[in-house]
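Work through the exercises below with the sequence and the 3D structure in view. Each task is followed by a solution in steps.

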Amino acid sequence: MALVFPEIDPVAIYLGPLTVRWYGLMYLAGFAAFYWLGLRHAKRLRVTDVWSPERLEQLLTAGVVGIIVGGRLGEVLFYQPSYYFTHPLEIVAIWKGGMSFHGGLLGAIAAMLWYARRTGQNFWQVADFVAPLIPPGLGFGRIGNFINGELWGRPAPEGLPWAMIYPHVDAIPRHPSQLYQAFGEGIVLFLFLWWFARRPRPAGMVSAAFLVGYGSVRFLCEFFRNPDPGIFSAFGSLLTTAQWLSLAMVFAGAVLTAWARHRRQPPSS
């Protein structure tokens, strides 16, 4: 017998006319995890002189802006351009959900480029340090999607013990794809990158591992997730928009790996 989605109240705290949503709290948890893990990562790599708490705070602030702006614009441009162009005021309603990871990644890259230039660091030094700190935030974000009852999965095979019915969608048992992604993106990817980045690597290698790792996990998870409308769906492709974008990430990671091995620069910290 299939499980039933618990219909969790998306509002965690009511403060009179103000509300605090679980989705927003998941983002805060992700940012807190980034900072805490950053301190530990700097200590184990013995680069606390480069990555002091103050510098981590500066990078986190820039990253928050980049992720939110990029994530929302990615959702607008990659997935639902027709809707948002006819409802422009909805673009700023990020508290309702609707953030694209691939857009958020572009925003984060822009923030890292700005930070590297401002502090005089090499971009790959920044990107390689940041890469293993990202997955926990992705996992928290997927839990936020689950609480919101959004991004549900495709119909599950009969007898799947963890199949879930989402009453606000239909009565069909479905894959709880949000939880699959929380596990794959938030736990598996984190454990791999935390291990891979345990010691200095050639510049760009940790970033490449992130691109290939996330792109692969997301590509596989999309087979269990109900396809989102997107800019590639108009071509009748067998792959989803997210899968095409994830393949681009894997390709970029492969190219970056080859480049990093060819250059053989001193290890990044």
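**Exercise 1.** Find which helix gives the most residues to the lining of the largest pocket.

Solution. Helix 2 gives the most, with eight residues. Helices (H or I, at least four residues) and strands (E, at least two) are DSSP runs, numbered from the N terminus. The model is predicted, so local features need pLDDT of at least 70 and side-chain atom pairs count only at pLDDT 80 or more, while totals for chains, interfaces and linings use all residues. Residues are numbered from 1 along each chain as its sequence is written, and side-chain values use heavy atoms, with hydrogens and water left out.

**Exercise 2.** Describe the volume and the lining of the largest pocket.

Solution. Start with the volume: the largest pocket holds about 1,100 Å³ of space. A pocket is an open set of points on a 1 Å grid over the protein atoms alone, where a 1.4 Å probe fits, with protein on both sides within 12 Å along at least five of seven lines; lining residues have an atom within 4 Å of a point. Grid points are joined across faces, edges and corners, and the volume is the space filled by probe spheres set on the points. Next, the lining has 49 residues, and Tyr23, Tyr27, Met99, Ser100 and Phe101 are the closest to the centre. Elements that give two or more residues include helix 1 (22–45), helix 2 (53–79) and helix 4 (101–119). By class, 27 lining residues are nonpolar, 13 polar and nine charged. Here Ala, Val, Leu, Ile, Met, Phe, Trp, Tyr, Cys and Pro count as nonpolar, Asp, Glu, Lys and Arg as charged, and the others, Gly among them, as polar.

**Exercise 3.** How are helix 1 and helix 6 oriented to each other?

Solution. Their axes are 8 Å apart, at an angle of about 170°. Axes are lines fitted to C-alpha atoms over the stretch in contact, and angles run from 0 to 180 degrees between N-to-C directions. Angles over 145 degrees count as roughly antiparallel, and helix 1 and helix 6 are therefore roughly antiparallel. The contact residues divide into ten nonpolar, six polar and no charged.

Key. Parallel < 35°, antiparallel > 145°, perpendicular 65-115°, else oblique.
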